[in-house]
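Here is a short briefing on one protein chain. Keep the sequence and the 3D view open as you read.

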Amino acid sequence: MNKSVVIASLSILLVSAAYAYDIRHPNLRDAYGLAQQAITRVHDAYEANKAVGFGGHAERALDLFKQAQAELIEADRYNEAHQKR
């Protein structure tokens, strides 16, 4: 399967997961959005440089940004559960 198809599919899955949970903390929400912007930029770089590629490093960066987004969601969930009311 083409790497760009796999990457695009994973991005769609990630975006749908983001809509399943609304991050409430404004700073965490902003960080999540910035990670999404970084993911988009890496996709753009990959599409612009298909012939050269990035030696697997771009794919690794995408995985790490997605992992960061998942951690931000968990951080927000923790904050919501442990916030003093």
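The notes below go from the whole chain to single residues.

This is a predicted model: local features need pLDDT of at least 70, side-chain atom pairs count only at pLDDT 80 or more, and totals for chains, interfaces and linings use all residues. Residues are numbered from 1 along each chain as its sequence is written, and side-chain values use heavy atoms, with hydrogens and water left out.

**Whole chain**
- The chain has three helices and zero strands. Helices (H or I, at least four residues) and strands (E, at least two) are DSSP runs, numbered from the N terminus.
- Along the sequence the pattern reads α-α-α.
- Of the 85 residues, 28% count as buried. Buried means under 20% relative accessible area, exposed over 50%, and partly exposed in between (1.4 Å probe, protein chains only).
- Take the contacts between residues at least 6 apart in sequence: 75% join residues at least 24 apart. Contact means heavy atoms within 4.5 Å.

**Helix α2**
- Helix α2 covers residues 26–48, 23 residues in all. From first C-alpha to last it reaches 33 Å, close to the 33 Å expected at 1.5 Å a residue. The expected span is 1.5 Å times one less than the number of residues.
- Its buried residues are Leu28, Tyr32, Ala35, Ala38, Ile39, Val42, His43 and Tyr46.
- An α-helix has 3.6 residues a turn, so residues three or four places apart point the same way.
- Alanine 38 lies in α2. Its relative accessible area is 19%, so alanine 38 counts as buried.
- Alanine 38 and alanine 61 are 23 residues apart in sequence and 9.3 Å apart in space, C-alpha to C-alpha.

**Nonpolar core**
- The largest nonpolar core has six residues: Tyr21, Ile23, Leu28, Tyr32, Leu72 and Ile73. Such a core is a set of buried Ala, Val, Leu, Ile, Met, Phe, Trp, Tyr and Cys residues joined through side-chain atoms within 4.5 Å.
- Helices α2 and α3 (57–82) each give two or more residues to this core.
- Isoleucine 73 is in contact with Tyr21, Ile23 and Tyr32, leaving aside neighbours within four places in sequence.

**A buried polar residue**
- Glutamine 69 is found in α3. Glutamine 69 is buried, with a relative accessible area of 0%.
- Its side chain makes a polar contact of 3.2 Å with the side chain of glutamine 36. A polar contact is a pair of N or O atoms within 3.5 Å; within protein, one must be able to donate a hydrogen and the other to accept it, and residues adjacent in sequence count only if both atoms are side-chain atoms.
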